Amino acid sequence: MSDKLRVGVIGATGMVGQRFVTLLDNHPWFEVVLVAASAHSAGKTYEAAVDGRWKMDVPVPEAVKQLVLQDAANVDDIASQVDFVFSAISLDKADTRKLEEAYAKAETPVVSNNSAHRWTADVPMVIPEINPEHTDVIKYQRERLGTKRGFIAVKPNCSIQSYTPALSAWRQFEPYEVVATTYQAISGAGKTFKDWPEMVGNVIPFISGEEEKSEREPLKIWGHVDDEQKAIVPTDNPVITTQCIRVPVLYGHTAAAFVKFHKNPTKQELIDALENYSGEPQRLGLPSAPKQFIQYMTEDDRPQVTQDVNFENGMGVSIGRLREDKVYDWKFVGLSHNTARGAAGGAVLCAELLKAQGYITAK
Ligand SMILES: NC(=O)C1=CN([C@@H]2O[C@H](COP(=O)(O)OP(=O)(O)OC[C@H]3O[C@@H](n4cnc5c(N)ncnc54)[C@H](OP(=O)(O)O)[C@@H]3O)[C@@H](O)[C@H]2O)C=CC1
Ligand SMILES: N[C@@H](CC(=O)OP(=O)(O)O)C(=O)O
């Protein structure tokens, strides 16, 4: 029998769910033993349910083809078959919060892509290289939920991952004001060009709720666990303002950002800070960790989506065009893979961290 942890993927048929089952194929620590989605898909084999809507560029993994989809609402039944679940469901926020909490209360840890619990004060929102210590708050969440092993952890929004890693590497220089415009791929909306032909040759200057998330979520990531409040308290700086724009790209969110710093870093200091930035995933050698979290590209026309989005299997972030600015101190361009680092890959890395820290174990 395999000694891997038994994993359920909830929302397995969607864009992010498909990325999960693909990334978890032959994972050294985790094995997908169960897939679940809406009642509408329940009872079909995974292969049949994704027929005609498989969006990955590799085939459906053999190991999941014949798994029969469960109805995600059957929480106790599913919880009895797995050690933890990844959540990639698309439901309204209140229902998502309820469902994810039901799994946690059924003593089944949930690592979620969904934004529903990102602002629950005792739920850690983790980019493993940046704030691995936020998982300390899980003890308070378990106290509130009355669980021994169940809890919820989330990964943040995909677009922030094109500029937040650089700003994290530069925290020592005290950035205090940031302007970022993001150019976001259509897969962020769960779509391909086949599903969304209106996006061919088009730009849409609105993504519902995205600017609020892009401005707020980094502040929770840079916050701290407060033992009196039993919660994560966000920081209030730097102030971030954003515009989020949908562009005709399949995978890869790009950001053009401007930053003011209290300290006056040189260009070389900023580049060194990017290239030397690494964290727990690299120290622990987690299976999905990129060796180089952030690469700095010196060519004037990089990073480019078609050439750079898959840097470190889509788990690394590419930064370029760092230069002084007339109004702000420095400006730069960042690129990250929105469904790898920005969604399923980020959640898998988070689960690896949680296992290494002892929060996710075999039942
Ligand atoms: N796409 C991306 O890049 C990113 C997405 N996210 C978030 O991840 C989540 C999934 O996104 P995405 O994969 O794009 O969405 P999709 O619309 O492609 O997939 C949604 C999934 O949710 C399932 N689902 C729908 N209704 C229910 C229900 N009532 N009960 C159980 N399961 C249900 C669907 O199952 P069925 O097939 O049966 O309908 C499907 O598996 C969303 O919360 C999204 O905001 C986060 C970061 C990035
Ligand atoms: N809204 C993002 C994807 C997404 O689902 O974000 P979130 O995880 O914050 O809901 C996009 O369309 O590119």
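**Around the two ligands**

Colleague: Which helix gives the largest share of the shell around ligand 1?
Modeller: Keep in mind that this is a predicted model. Helix H1 (15-23) and helix H12 (340-356) each supply at least two residues of that shell. The largest share is three residues, and those come from H1.

Colleague: Which residues come nearest to ligand 1?
Modeller: There are 27 residues around ligand 1 to pick from. The ones that come nearest are Gly14, Ala37, Ser38, Ser41 and Gly190.

Colleague: How many charged residues does the shell around ligand 1 have?
Modeller: Let's sort that shell by class. It has 10 nonpolar and 17 polar residues. For charged residues, the count is none.

Colleague: And how many charged residues are in the shell around ligand 2?
Modeller: Residues surrounding ligand 2 include Ser115, Asn157, Cys158, Glu210 and Lys213. Glu and Lys both count as charged. By class, that shell has three nonpolar and six polar residues, and the charged ones number two.

Colleague: What is the mean pLDDT of the chain?
Modeller: For the model as a whole, the scores are ipTM 0.96 and pTM 0.97. Going residue by residue, 100% reach a pLDDT of 70 or more. The mean pLDDT of the chain is 97.

Definitions and conventions
Residues numbered from 1 in each chain as written. Chains lettered and ligands numbered in written order. Predicted model: local features only at pLDDT ≥ 70, side-chain atom pairs only at ≥ 80, totals over all residues. Near = placed C-beta within 6 Å. pLDDT = per-residue confidence, 0-100. Helix = DSSP H or I, 4+ residues; strand = E, 2+ residues; numbered from the N terminus.
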